[in-house]
Structures are given as structure tokens and as C-alpha cells.
Amino acid sequence: MACVGPREERTEKSADWLARVADIRQWTQRGKRAPHKPLLLLHAIAQLHNDRVSRLAYEQVGPKLRAWLDDFGPQRDVQHPEQPFWRLQNDVGLWTVATTVPIRPDQLSDGTLRKAQAVGSLAPEFVSALLDDLALMLAVARSLLLSNWPESLHQSICESVGLDLGGIEASLARQRTRELPIPERRRDPEFRIKVLRAYEYRCAMCGFDGRLDSTTVGLEAAHIQWWAVNGPDVIPNGLCLCAMHHQLFDRGVLGLTSDREVMVSAQFVGRDRAAEEMVWSLSGKELLRPRDHLDAVAEPHRRWHEDQVFRSPAR
Ligand SMILES: [Zn+2]
């Protein structure tokens with residue numbers, strides 16, 4: 001009989017929790033990405049780490065979740081925070097919801113959850129696994145972030161949901177150094193340089209071509225269809241953008257028309273001359289072309305970005 005020590009046993013259990021969390025990322029609503037459950041889970045993990053609290057009252061968390069969905073989810077007229085709060089308990093066994101009166105699935109709404117004083121809790125076994133193994137906590141948080149958003153947004157998301165990844169890392173380092181491998185696709189390490197080269201080291205929107213000594217500075221390779229949602233590491237899915245336009249492109253302030261012109265969201269607010277120069281003046285501007293026409297932005301990726309990221313309408 002194989003002898004399994006406590007450490008191996010814990011690693012195996014942790015890998016199982018990680019796999020369960022990875023399963024929830026598949027969820028989409030009518031073809032649109034729906035990062036509701038990941039946002040809720042990230043917040044629950046933040047609370048657990050910061051305050052050792054594993055219960056969240058809907059009354060408090062509902063409005064916050066609505067705001068995060070506006071900021072980091074696809075555009076919708078009405079956001080539905082009650083959906084992840086209730087449904088997270090169905091598919092992965094990580095979460096339960098207690099109510100003062102029973103709720104039938106067809107009665108689910110923001111109002112019924114409030115009236116029933118709904119309180120969601122991380123499953124007790126999941127809580128002990130997370131607290132017992134900070135490497136698992138870190139791996140779960142990173143896996144949720146990496147599977148749903150590009151890295152340019154991770155810091156803003158963590159700040160919003162109260163997640164202090166650096167703090168967890170520090171606690172972990174103090175505890176001991178053991179990392180769980182995060183299940184992830186391998187990135188093409190050449191993607192960045194290929195895209196920058198294709199655009200001759202210039203921002204495809206504003207033409208910025210900064211250099212410091214012999215290296216480029218302030219230029220990045222953006223994925224048009226996010227890598228986190230299966231966007232491939234190929235030049236037709238890439239754009240060389242300056243750091244500012246990369247961030248605005250990933251947040252949906254900037255988009256691309258089917259004629260490869262820059263669109264600016266009418267929802268963007270910026271009145272200063274700098275906003276005029278850096279953002280509004282790009283509206284209708286033709287994107288710089290890559291050196292080789294085969295490398296030009298591919299329509300399916302452009303369309304994905306317009307459907308799933310860009311904050312319509314364009315001005
Ligand atoms: Zn730029």
C-alpha cells in the first residue's frame with residue numbers, strides 16, 4: 001500500500017479545490033462572458049483573508065457586486081447580482097445560501113433575497129482548506145483572475161474587491177515557500193516581441209514610439225480577444241499599444257470598427273485637454289497598419305472585443 005504523508009494528502013486536496021474553482025469559469029450568459037461568480041468568489045476570499053469572515057449578507061454585498069459587474073463585466077442595462085449569489089451554490093459545492101424563508105428558483109430576484117435576509121457562506125471544508133493552505137488561497141485567486149481578465153485589469157479588480165494578493169503572498173512566504181502550480185495554458189513568450197515588431201514599435205492608435213537607450217519603453221502587446229478567454233497568441237489578435245491606450249482598450253473605452261478605425265465610448269468622461277488629445281481625438285482615426293498585411297487585425301477577434309468589451313455606443 002502506498003504511504004501518503006500529510007503534506008502529499010494536503011496537496012492532493014488543494015488540487016481538487018483548485019479544479020472545482022476552475023470549473024466555474026466556463027459559465028457564460030447567452031454567449032457573453034459572465035464573470036459574476038468569479039467576482040463574488042474573489043470578494044469572499046478577500047474577506048476570509050482580511051477578516052477571517054466566511055459569511056456575506058446579500059444586503060451588503062449585492063450593491064457592491066452590481067458596481068463591480070458594471071466595472072469589470074460586459075455591458076448590460078441591468079446587472080443581476082442575485083444570480084451569482086444564489087447560483088454559486090448549485091454547480092461547484094463551494095458556497096451555500098441561508099434564507100429566513102424558502103426561495104423557489106422562479107422567485108429569484110434582488111428583492112426576494114433582501115426580504116429573505118439571504119446570507120451566503122463559503123463551504124466550511126473550503127474555508128479550512130484555504131486557511132490551512134495559503135498557497136491554495138493564492139492559486140485560487142490567481143486562477144480566477146487569469147481565467148477571466150487580462151493582467152492589465154487585475155490590480156483594479158483586486159483593489160475593488162478588497163483582495164490583497166501581496167499580503168497573502170507575504171503571509172505565505174512567512175509560513176513557508178510552497179507553490180501550487182496554477183492550471184493554465186502556456187503563453188507564447190514570443191507574442192510580445194512579434195507584435196511590437198509587426199507594428200514597428202509604435203502604438204497602433206496614437207503612434208507613440210518611446211525608447212530609452214536601446215529598448216522600447218511604454219509599449220505593450222495587447223490581446224484583442226483576451227488571452228484569458230481563449231484569445232490566441234497570434235499577430236492578427238494583437239495590437240502594439242502604448243500603456244495608456246492598452247488600459248483603455250481593455251476597459252472598453254476604446255474599440256475598433258470593422259473598417260479598423262478607433263471608436264471611443266460615449267460613456268467615457270474626460271474634459272481636460274489631455275483627455276481630448278489622448279482619447280477623444282482618436283475617434284474615427286485609422287489604426288496603424290502592421291508591416292505585413294497578413295498580420296492585420298482579424299475580424300472575429302475584433303468583433304469579440306466589440307461585443308464583449310467595448311462600452312457601446314461609440315461617440
Ligand atoms: Zn497610444
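Reader: At what angle do helix α8 and helix α11 pack?

Author: First, how a helix is named. Helices (H or I, at least four residues) and strands (E, at least two) are DSSP runs, numbered from the N terminus. Axes are lines fitted to C-alpha atoms, for helices over the stretch in contact, and angles run from 0 to 180 degrees between N-to-C directions. Here α8 covers residues 151-161 and α11 covers residues 243-250; they pack at about 70°, with axes 9 Å apart. That makes α8 roughly perpendicular to α11. The cut-offs: under 35 degrees is roughly parallel, over 145 roughly antiparallel, 65 to 115 roughly perpendicular, and the rest oblique.

This is a predicted model: local features need pLDDT of at least 70, side-chain atom pairs count only at pLDDT 80 or more, and totals for chains, interfaces and linings use all residues. Residues are numbered from 1 along each chain as its sequence is written, and side-chain values use heavy atoms, with hydrogens and water left out.

Reader: Which residues of α8 and α11 meet?

Author: Contact means heavy atoms within 4.5 Å. Ser152, Leu153 and Ser156 in α8 meet His246, Gln247 and Asp250 in α11.

Reader: Which protein donors does the zinc ion have?

Author: Donors are N, O and S atoms within 2.8 Å of the metal (3.2 Å for Na, K and Ca); water is not among the atoms, so sites may look incomplete. Here they are Cys203 (SG), Cys206 (SG), Cys242 (SG) and His245 (ND1), at 2.0 to 2.3 Å from the zinc ion. Their spacing along the chain is C-x2-C-x35-C-x2-H.

Reader: Why is the arrangement around the zinc ion tetrahedral?

Author: Four donors count as tetrahedral if all angles lie between 85 and 135 degrees. The four donor atoms here subtend angles of 92 to 119°, so the arrangement is tetrahedral.

Reader: Are Cys242 and His245 buried or exposed?

Author: Buried means under 20% relative accessible area, exposed over 50%, partly exposed in between (1.4 Å probe, protein chains only). Both Cys242 and His245 are buried.

Reader: What is the phi of Glu200?

Author: Most residues other than glycine have a negative phi, and most peptide bonds are trans. Glu200 has a positive phi, near 50°. Glu200 sits in the loop between α10 (191-198) and β6 (211-212). Tyr201 is found in the loop between α10 and β6, with a positive phi of about 60°. Glu200 is partly exposed because its relative accessibility is 40%. Tyr201 is partly exposed at 25%.

Reader: Which residues does a cis peptide bond join?

Author: Ser312 and Pro313, with omega about 0°. Pro313 is in the segment after α13.

Methods:
Four donors count as tetrahedral if all angles lie between 85 and 135 degrees; four count as square planar and six as octahedral if opposite donors are over 155 degrees apart and all others between 65 and 115; anything else is irregular.
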